[in-house]
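Okay, thanks for making time this morning.

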Amino acid sequence: MKWQKASGKLLLALSVALAVGCAPVQERPKSESGSDQLIYPGPPDEPRFVFERTIFGSADVVPQRQDLALKRALTGELGTSEGLAKPYAVAVHKGRIFVSDSAERFVKVFDVVEGRYFKIGDDDKGPLAKPLGIDVDASGNLYVADASAKAVMVYTRDGKFIRKIGGPKIFERLSSVTIDSIGQRVLVTDIGGVSSDQHKVRVFDTVTGNHLFDLGKRGIGPGEFNLPRDAAVGKNGQIYVVDGGNFRVQIFDRDGKYLQSFGSVGKQLGNFARPKEIATDAAGNVYVVDAAFGNFQIFNPDGDLLMFIGERSERSGPAKYMLPSGIYVDEDGRVYMVDQWFKKIDVFRPHALAADAGFLGKRPKVPGQ
């Protein structure tokens with residue numbers, strides 16, 4: 001996927017940002033002719049993404065019976081919905097959306113295809129204490145970085161506890177977990193802390209749980225980290241690590257050899273102010289959330305800026321964020337963005353993908369029909 005490094009609209013936004021000395025503000029997306037779809041970027045640039053939907057709670061996924069929907073329309077009675085308290089990260093497998101909720105201490109599951117909602121980690125067999133970063137493998141097994149337990153908890157797609165990886169003797173301050181593209185390795189990001197030297201990404205064998213090797217140590221040089229936040233695996237097994245305190249993304253090969261980095265602290269496009277989670281798509285493009293800018297920036301595999309989506313806002317709305325954190329790109333190229341402040345998940349569809357295509361395009365039958 002060859003995109004422009006920065007469109008004319010992005011360059012204009014950049015010049016404005018430099019003039020006023022603040023973070024770049026996303027232009028309001030334009031609606032497509034004859035529709036109310038919000039597209040990114042706006043014309044005259046070639047559209048890449050369409051805002052598709054927002055998920056606030058179970059009612060946005062579980063179909064309502066027609067008779068109950070009619071009753072609510074006539075009486076004004078509000079339906080029941082279990083929402084998000086403090087969502088952090090998101091992972092998706094074939095239309096099943098997993099969201100970690102660190103305040104309510106479990107992973108909430110919104111299955112769009114089945115029209116179903118349930119929770120993982122709220123029982124005695126595999127309880128969660130403070131779930132943060134999450135990921136899924138090709139089979140849909142769920143991996144959860146539990147910051148309080150200092151371990152990675154592993155569950156089946158339906159929430160049955162399988163095992164845990166690590167523990168207090170292995171990890172200090174867990175932030176995220178990532179499964180590589182072929183499902184052989186688990187990458188666990190240990191953010192360390194102000195008084196700690198354990199700022200690294202630890203790599204384990206997925207099947208045995210054996211420790212294989214580590215990436216990085218505390219520092220500011222190439223291959224060193226200061227408060228690493230998250231990792232993602234791109235094309236050819238390259239590992240991308242958000243080096244939060246150094247305001248950059250570092251790139252390593254599959255065996256942990258440092259290759260290069262991109263980004264620096266600043267208020268311009270392509271800079272970072274408070275980078276958090278990271279994701280990659282099938283083409284190898286890299287998506288980085290910045291909590292200070294209230295957006296996610298998209299880079300090519302080498303770190304060249306392609307575009308960005310979102311703006312910081314005190315009011316919730318499509319692509320409006322106060323405290324964004326998690327991001328994920330699913331099998332169909334849909335992008336999922338979590339905002340902790342507005343307690344929501346925004347979903348963006350590739351412009352070339354039809355609304356009824358892919359896993360999220362499948363809608364469950366409404367009860368009573």
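This is a predicted model: local features need pLDDT of at least 70, side-chain atom pairs count only at pLDDT 80 or more; totals for chains, interfaces and linings use all residues.

Residues are numbered from 1 along each chain as its sequence is written, and side-chain values use heavy atoms, with hydrogens and water left out.

Back to A319. Its phi is near 60 degrees, a positive value in a residue other than glycine. Buried or exposed, then? A319 counts as buried because its relative accessibility is 4%; buried means under 20% relative accessible area, exposed means over 50%, and partly exposed is in between, with a 1.4 Å probe and protein chains only.

K343 isn't a glycine either, and has a positive phi of about 55 degrees. You'll find K343 in the loop between β26 (335-339) and β27 (344-350). K343 has 39% relative accessibility, so that one counts as partly exposed.

Now the prolines. A cis peptide bond joins Y40 and P41, with omega about -10 degrees. P41 lies in the loop between β1 (39-40) and β2 (49-55). P43 and P44 are also joined by a cis peptide bond, omega about 10 degrees, and P44 is in the loop between β1 and β2.

Stepping back to the whole chain: we've got two helices and 27 strands. Of the 369 residues, 54% are buried. Taking contacts (heavy atoms within 4.5 Å) with a separation of 6 or more, 48% are between residues 24 or more positions apart.

So what's inside? The largest nonpolar core has 33 residues, a core being a set of buried Ala, Val, Leu, Ile, Met, Phe, Trp, Tyr and Cys residues joined through side-chain atoms within 4.5 Å. I97, V107, F110, L142 and I345 have the most contacts inside that core. Strand β3 (residues 87-93) gives the largest share, five residues. Apart from this core lies another, of 18 residues, including F49, F51, M307 and F348.

Key. Helices (H or I, at least four residues) and strands (E, at least two) are DSSP runs, numbered from the N terminus.
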